[in-house]
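Visitor: I have not looked at this model before. Please show me how to read its features.

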Amino acid sequence: MADRQDGRLTEAGPVADSALAERPTGLRSHDELMEENGGLVPWCGPATLALASGLPYRAAGTLLRGVAPDWYPGTGPVVTAYWRDILGALEQLGVAHAPVELPERRPSLLGLVRGGLAPGWYLLRVTDHFLLLNNQGFGLAAVHDNRLTAAVLTAKTHGRRRVTHAAQLVSGPRLRF
């Protein structure tokens, strides 16, 4: 395992990989979301909503259209999703979430996790991207999104992006709708 001079990990080692390799039973992988999308890589907004709510990928896009019909095309994929609409969809589905206060100078995702973010599941918007984060505590977290499943949070797995919006999923993601 490669370490920097200051003691921080530059990549996850076998202990971290084994601690995060297990995903909750029923939480779909990015590959399963891609299969639901006809073999195409799904867009991050609807994919994250699908993971957080337990909805199928296409149903997540339909729900976003229902929450804000003027903002999304009537047909085709939902390419750009909005934070307020994802939260509105979660509220409609009864997925409990609580806002997380962020400092005015937005931290990097790694900085937020290492800076004392409480363990638990989070819905996050980082620079131009949505994801779910399973924070294990002690600076160890896993990323779930449209391209990653239970990937250890590192600089390469969105860790350097700035966190612009955050909400804790109080009971974690809903595994099946």
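**Reading the helix packing**

Guide: Helix 3 and helix 5 are roughly parallel to each other (angles under 35 degrees count as roughly parallel, over 145 as roughly antiparallel, 65 to 115 as roughly perpendicular and the rest as oblique). Helices (H or I, at least four residues) and strands (E, at least two) are DSSP runs, numbered from the N terminus. This is a predicted model, in which local features need pLDDT of at least 70 and side-chain atom pairs count only at pLDDT 80 or more, while totals for chains, interfaces and linings use all residues. Residues are numbered from 1 along each chain as its sequence is written, and side-chain values use heavy atoms, leaving out hydrogens and water.

Visitor: At what angle do helix 3 and helix 5 pack, and how far apart are their axes?

Guide: The angle between helix 3 and helix 5, residues 83-93, is about 25°, and their axes are 11 Å apart. Axes are lines fitted to C-alpha atoms, for helices over the stretch in contact, and angles run from 0 to 180 degrees between N-to-C directions.

Visitor: Which residues make the contact?

Guide: Contact means heavy atoms within 4.5 Å. Helix 3 contributes Gly45, Leu49, Ala52 and Ser53, and helix 5 contributes Ile86, Ala89, Leu90 and Leu93. By class, 6 residues in the contact of helix 3 with helix 5 are nonpolar, 2 are polar and none is charged (Ala, Val, Leu, Ile, Met, Phe, Trp, Tyr, Cys and Pro count as nonpolar, Asp, Glu, Lys and Arg as charged, and the others, Gly among them, as polar).

Visitor: How do helix 3 and helix 4 pack?

Guide: Helix 3, residues 44-53, meets helix 4, residues 57-67, at an angle of about 110°, with axes 8 Å apart. The two are therefore roughly perpendicular to each other. Pro46, Ala47, Leu49 and Ala50 of helix 3 touch helix 4 through Tyr57, Ala60, Gly61, Leu63 and Leu64. That contact of helix 3 with helix 4 has 8 nonpolar residues, 1 polar and no charged.

Visitor: Is Asn135 buried or exposed?

Guide: Asn135 counts as buried, at 2% relative accessibility. Asn135 lies in strand 3, residues 129-137. Not counting residues up to four places away in sequence, Asn135 touches residues including Val113, Leu117, Tyr122 and Leu140. A polar atom of the Asn135 side chain lies 3.2 Å from the backbone nitrogen of Gly137.

Terms used. Buried means under 20% relative accessible area, exposed over 50%, partly exposed in between (1.4 Å probe, protein chains only). A polar contact is a pair of N or O atoms within 3.5 Å; within protein, one must be able to donate a hydrogen and the other to accept it, and residues adjacent in sequence count only if both atoms are side-chain atoms.
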